[in-house]
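I opened my notebook for a friendly look through one model. Here is what I looked up, entry by entry.

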Amino acid sequence: MKRKVAFLACSSLLFCISARTHWGFYAHQKINRLAVFTLPEELMGFYKSNIDYIAENAVNPDQRRYAVEGEAPRHYIDWDVYSDSVQAALRYTRWDEALGMLGEDTLMAYGIVPWHVVRMKARLTRAFVEKDLGRILRLSADLGHYIADAHVPLHTTQNYNGQKSDQVGIHGFWESRLPELFSVDYSFWLGQATYLEDPSKSIWTTVLESHAALDSVLTFEKVLNSRFRADKKYAIGERNGRTERNYSEAYAEAYHEMLKGQVERRMRQSVKLVGDFWFTAWVDAGQPDLSALPIYEVDKEEVEKQRELWLKRVLKVRSEGDG
């Protein structure tokens with residue numbers, strides 16, 4: 001009974017944490033799964049054979065945020081913390097150039113997502129060269145996660161959850177609540193993945209586009225909030241077996257309409273760019289033939305062991321923070 005209670009408590013904690021920190025399990029998994037279908041036939045077959053792994057493990061980087069030192073900054077960049085002159089010098093830079101300008105402590109303090117995406121792409125290319133099945137799949141799933149995070153406007157600001165503008169909760173609202181309610185109607189006909197001549201430029205362009213969309217994310221919610229009574233803005237419902245307060249469907253629909261397809265566009269672009277990066281890594285590896293590689297067998301005991309370790313670390317972090 002104790003084990004069951006502890007597991008339920010950890011599961012609830014997992015949800016509470018995850019709802020604040022990323023696209024949401026649903027959206028991340030959907031993005032990785034859809035990206036598989038952008039790949040050319042000679043690569044799609046390999047990814048389709050392992051599509052469940054690619055999709056299900058899209059959330060792994062978020063599960064490491066509270067367990068692995070240095071993981072959190074890989075998901076964002078607080079672009080607005082830098083002055084205009086620093087932004088002008090920093091954008092489109094390589095990691096070594098950025099280190100020379102600001103130093104590692106500053107970069108890690110304010111996020112490194114564009115540089116980490118490039119680093120992950122290089123690792124995936126090496127895994128393709130070596131035909132290392134496990135690493136190809138793990139790195140593909142992780143890379144998809146970081147690329148998707150770079151498409152979220154709230155991953156480009158210190159005001160990531162509206163805590164500086166009296167809009168606490170907007171992070172999960174934009175990237176979890178809206179996709180879960182409305183993405184069934186999104187169009188994901190995207191065409192085939194294309195080779196990226198300059199992956200660094202591509203991910204930097206994505207980050208800057210995300211930041212340019214930030215003003216709409218915050219301003220529209222402010223306007224909408226002024227029009228809704230509190231008892232109409234929120235609703236009590238069941239989610240994953242838990243009773244919780246969330247933004248009402250009426251409020252979510254009004255916000256979604258005000259954004260005029262913004263969430264759909266960012267999800268679509270995420271799917272396409274994930275496919276582009278996977279394809280580019282494979283091409284840069286010499287387009288190895290992966291047809292002989294087996295379907296990856298997950299070590300369930302190791303997965304459960306790692307999960308238990310992660311939950312213990314999360315509980316420790318929460319306990320220390322509450323103290």
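What share of the residues in the chain is buried? I began there, keeping in mind that this is a predicted model. Buried residues account for 49% of the 323 residues.

Next I looked up the secondary structure, and I found 17 helices and two strands in the chain. I then checked the contacts with a separation of 6 or more: 77% of them join residues 24 or more positions apart. For the surface, I noted an accessible area of about 16000 Å², with 51% of it belonging to carbon and sulfur atoms.

From first C-alpha to last, α12 reaches 20 Å over its 14 residues, close to the 20 Å expected at 1.5 Å a residue. I found α12 mostly covered, with 10 of its 14 residues buried. Among them are Pro199, Trp204, Leu208 and His211. What do these buried residues of α12 pack against? I listed α6 (84-90), α9 (113-130), α10 (133-150), α13 (214-227) and α16 (262-284).

Is valine 207 buried or exposed? Its relative accessible area is 1%, under the 20% cut-off, so I put valine 207 down as buried. Leaving aside neighbours within four places in sequence, I found valine 207 in contact with Ile77, Val113, Pro114, Ala150 and Thr156. I also looked up tyrosine 76, which is 131 residues from valine 207 along the chain; the C-alpha atoms of the two are separated by 9.0 Å.

Conventions
Residues are numbered from 1 along each chain as its sequence is written. This is a predicted model: local features need pLDDT of at least 70, side-chain atom pairs count only at pLDDT 80 or more; totals for chains, interfaces and linings use all residues. Side-chain values use heavy atoms; hydrogens and water are left out. Helices (H or I, at least four residues) and strands (E, at least two) are DSSP runs, numbered from the N terminus. Buried means under 20% relative accessible area, exposed over 50%, partly exposed in between (1.4 Å probe, protein chains only). Contact means heavy atoms within 4.5 Å. Accessible areas come from the Shrake-Rupley method with a 1.4 Å probe; for residues, only the protein chains shown count as cover. The expected span of a helix is 1.5 Å times one less than its number of residues.
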